[in-house]
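User: Hi! Could you walk me through this fold before I set anything up?
Analyst: Happy to, here it is.

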Amino acid sequence: MTLSLLLALSPVTVPEIPKNFLLTEHDARRHLTPEEAEEQGYEISDKLTEPLELNPCGHRHAVDRDRVAARTITHWTSAPSGSSEQLVIYKSPRAAHSALTRLRTEVKRCARKGDPSAPELKFRWRTSKAKAGDEAMGMGYQTWQDGSVNETVTGIAARRGSALMIYTTDEGAYDPGRLTKNAKKMAARVCKVPGVC
């Protein structure tokens with residue numbers, strides 16, 4: 001057999017995200033007592049159609065292309081507060097770079113786009129410099145109501161090879177730097193997934 005025929009017949013390996021791979025995943029999979037479940041909760045999704053956790057234009061489904069694996073973990077508490085961790089693996093570093101570039105573009109295009117379900121809120125998105133992986137950016141928004149800040153969401157999006165990782169929190173002031181540690185840790189860990197780096 002020729003080499004090209006052998007390659008054509010070889011099964012294509014699609015990268016998989018191992019169980020408990022994300023930084024918050026072990027806690028997210030832990031069984032909560034009824035008392036704990038009243039105070040906090042997690043949701044885990046492996047759907048490729050989940051929108052990115054940083055989503056300036058409010059897409060209901062993923063609009064980026066060439067995803068091969070994804071995991072999204074969201075966390076809420078009764079404080080109330082929330083945070084999220086998301087890892088999306090693409091077919092190539094180029095596709096992951098395109099997804100991050102699209103986010104940069106959407107922040108500019110939808111910087112002040114509101115939420116139709118909450119017309120009383122005014123949204124203001126922003127970006128800032130960040131260092132993690134091959135490229136990264138800080139990103140987040142504030143909601144305003146009657147001239148006062150209602151909520152501040154801070155995030156960081158970082159790319160390493162063909163993977164895009166996102167971390168968000170709504171606790172505290174806008175400060176993507178505090179999320180950099182998580183992004184750097186995952187940027188190193190994601191290279192353990194075959195084909196990512």
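Predicted model: local features only at pLDDT ≥ 70, side-chain atom pairs only at ≥ 80, totals over all residues.

**Sheet and helices**

Analyst: Let's start with β1 and β2, which run antiparallel and are joined by 6 bridges; strands (E, at least two residues) and helices (H or I, at least four) are DSSP runs numbered from the N terminus, and two strands pair if DSSP finds at least two bridges between them. Residues are numbered from 1 along each chain as its sequence is written, and side-chain values use heavy atoms, leaving out hydrogens and water.

User: What's the order of the strands in the sheet?
Analyst: The order is β1-β2-β3-β7-β6-β5-β4, an open sheet of 7 strands with antiparallel pairing. At the edges sit β1 (40-45) and β4 (122-129), each pairing on one side only.

User: And how do β2 and β3 connect?
Analyst: Through a hairpin of 3 residues, and the two strands pair in the antiparallel sense over 10 bridges. T74 has S84 in β3 as its bridge partner, and S84 in turn is the bridge partner of T168 in β7. Between β3 and β7, which run antiparallel, there are 7 bridges.

User: Switching to helices: which residues of α5 are buried?
Analyst: In α5 (residues 180-189), they are T180, A183, M186 and A187, with buried meaning under 20% relative accessible area (1.4 Å probe, protein chains only). They sit on the same side of α5 because they cover an arc of only 130 degrees around the axis, taken from the directions from the helix axis to the C-beta atoms.

User: What covers them?
Analyst: The cover includes β3 (81-90), β6 (148-160) and β7 (163-169), where contact means heavy atoms within 4.5 Å.

User: Which residues have the most contacts inside the largest nonpolar core?
Analyst: F21, L87, I89 and M165, in a core of 23 residues. A nonpolar core is a set of buried Ala, Val, Leu, Ile, Met, Phe, Trp, Tyr and Cys residues joined through side-chain atoms within 4.5 Å. Two or more residues each come from β2 (67-77), β3, β6, β7 and α5.

User: Nice. What does M165 touch?
Analyst: Leaving aside residues up to four places away in sequence, its contacts include L87, I156, A183, M186 and A187.

Note on methods:
Buried < 20%, exposed > 50% of the residue type's maximum accessible area, 1.4 Å probe, protein only.
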